[in-house]
Amino acid sequence: MADAEPWKTVKIPPIVQELATGVQEPPSRYVIAEQNRPTAAGSEMPDPIPIIDLSRLSDNCADEVAKLQSALENWGLFLAVGHGMEQSFLGEVMGVARDFFKLPLEEKQKYSNLVNDNEVRIEGYGNDMVVSEKQILDWCDRLYIIVEPENRRIYSLWPTQPPSFRDILSEYTVRCHKIANLFLQNLAKLVDLHKDYFVNMFDENALTYARLNYYPNCPKPDDVFGMKPHTDASVITIVFIDDNVSGLQLQKDGVWYSVPIVPNALLVNVGDVMEIMSNGFFKSPIHRVVTNAEKERLSLVMFYTMNPEKEIEPLSELVDEKRPRRYRKTTTNDYIAKLFETFARGTLAIDTVKI
């Protein structure tokens with residue numbers, strides 16, 4: 001994916017952080033049709049999202065495994081505690097992310113995702129591509145970089161300010177990798193595969209992307225999306241959410257629910273590729289981000305993807321007469337490209353491969 005061609009963009013979207021300064025209402029390019037507008041409150045959850053203690057999960061605690069299975073069946077995600085990351089370290093991680101977005105615009109644009117006047121690449125600072133003049137834009141800026149494997153890092157896109165950014169993100173990457181492997185092992189066991197089945201599918205060319213999101217406060221938060229509804233094109237995703245302000249919502253049975261803030265917890269979810277490989281046993285949750293009138297919001301998302309050339313399809317072990325094949329074959333590269341295209345259009349990539 002690092003070698004993917006840049007995409008043509010109809011228009012270079014502005015930096016929202018700059019746009020948001022002093023405006024009384026969001027420009028029309030960001031305003032959602034009235035019938036689709038979110039409510040920042042969200043509906044009250046019928047059942048709370050399970051909080052999983054990863055230290056107990058690593059000890060094969062039966063109760064914790066049962067909680068994980070319930071979380072995935074009901075929500076496709078869970079909140080992880082017992083992950084071994086100290087509160088002080090997580091504070092440093094969020095701190096360097098916040099400090100980056102506080103830098104002057106000219107400093108941040110040293111890492112721009114613009115390649116030419118009308119082309120954007122995945123990696124870099126800025127916004128996602130615009131595919132049509134009618135596209136509703138998200139109230140968000142982002143920095144997207146490859147963090148694994150180390151030999152695929154493009155260090156010219158890794159900020160040198162704040163000075164500790166690289167070391168802290170590198171350390172965070174190492175720690176998240178352990179969480180990812182533990183989750184993958186438990187996913188395999190839940191579908192009666194060898195515990196390292198999914199772990200072993202990640203070869204030396206598998207890529208992990210970090211996406212740092214910055215959502216400026218918005219004078220009319222119900223008129224915009226911080227990020228429009230979508231699913232993740234990853235195998236799995238680990239999210240570190242700013243615990244100062246809520247904003248993440250997920251959809252279940254057509255209803256939107258706000259994900260609660262649990263200090264020092266990480267959000268872990270199934271991605272589209274795991275849904276495809278499990279032949280629908282695991283579901284990739286639809287989620288979105290709403291904005292806030294008073295406060296900015298940040299998040300750090302780790303997307304775990306396989307070798308860009310690897311074919312993705314339902315595993316033969318999980319296809320039979322009772323559960324026929326539900327998804328068409330694709331590749332990591334093609335699917336991620338499809339995700340960005342469908343995301344820009346406000347549709348779901350997973351729907352393009354369903355049989």
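Author: Asp272 is in contact with Thr231, Asp232, Ala233, Ser234, Ser284, Tyr335, Ala349 and Ile350, leaving aside its neighbours within four places in sequence. The model is a predicted one, and what follows describes that prediction. Asp272 lies in helix H7, which covers residues 272-277. Its relative accessibility is 0%, and the cut-off for buried is under 20%, so Asp272 counts as buried. Ile15 gives a sense of distance across the model: Asp272 and Ile15 are 257 residues apart in sequence, and their C-alpha atoms are 29 Å apart in space.

Asn279 has a positive phi of about 55° although it is not a glycine. Most residues other than glycine have a negative phi. Asn279 is buried, with a relative accessible area of 0%.

His230 is found in strand S9, residues 227-230. Its relative accessible area is 10%, which is under 20%, so His230 is buried. Not counting residues up to four places away in sequence, His230 touches Pro285, Ile286, His287, Phe343 and Leu348. The side chain of His230 also reaches the backbone oxygen of Lys228, at 2.8 Å.

Gln249 sits in strand S11, residues 248-252. At 1% relative accessibility, Gln249 counts as buried. Its side chain has polar partners: a contact of 3.3 Å joins the side chains of Gln249 and Ser258, and the side chain of Arg288 makes a polar contact with that of Gln249 at 2.8 Å.

Turning to the helices, H3 (residues 62-74) and H6 (residues 165-190) pack with their axes 11 Å apart, at an angle of about 85°. Angles of 65 to 115 degrees count as roughly perpendicular, and therefore H3 is roughly perpendicular to H6. On the H3 side the contact is made by Val65, Leu68, Gln69 and Leu72, and on the H6 side by Phe183, Asn186, Leu187 and Leu190. The residues of this contact divide into six nonpolar, two polar and no charged.

Pro149 is found in the loop between strand S7 (141-148) and H6, and a cis peptide bond with omega of about -5° joins Glu148 and Pro149. Pro162 is found in the loop between S7 and H6, and a cis peptide bond joins Gln161 and Pro162, with omega of about -5°. Most peptide bonds are trans. Asp192 lies in the loop between H6 and strand S8 (207-215). Asp192 is not a glycine, yet has a positive phi of about 60°.

H4 has 16 residues (87-102), which at 1.5 Å a residue should span 22 Å; its end C-alpha atoms are 22 Å apart, so the two agree. The buried residues of H4 include Phe89, Leu90, Val93, Met94, Val96, Ala97, Phe100 and Phe101. Arg98 is also buried in this helix.

Conventions: Residues numbered from 1 in each chain as written. Predicted model: local features only at pLDDT ≥ 70, side-chain atom pairs only at ≥ 80, totals over all residues. Heavy atoms only, no water. Helix = DSSP H or I, 4+ residues; strand = E, 2+ residues; numbered from the N terminus. Expected span 1.5 Å × (residues − 1). Buried < 20%, exposed > 50% of the residue type's maximum accessible area, 1.4 Å probe, protein only. Axes fitted to C-alpha atoms, helices over the stretch in contact; angles between N-to-C directions. Parallel < 35°, antiparallel > 145°, perpendicular 65-115°, else oblique. Contact = heavy atoms within 4.5 Å. Nonpolar A, V, L, I, M, F, W, Y, C, P; charged D, E, K, R; others polar. Polar contact = N/O pair within 3.5 Å; in protein donor to acceptor, adjacent residues only side chain to side chain.
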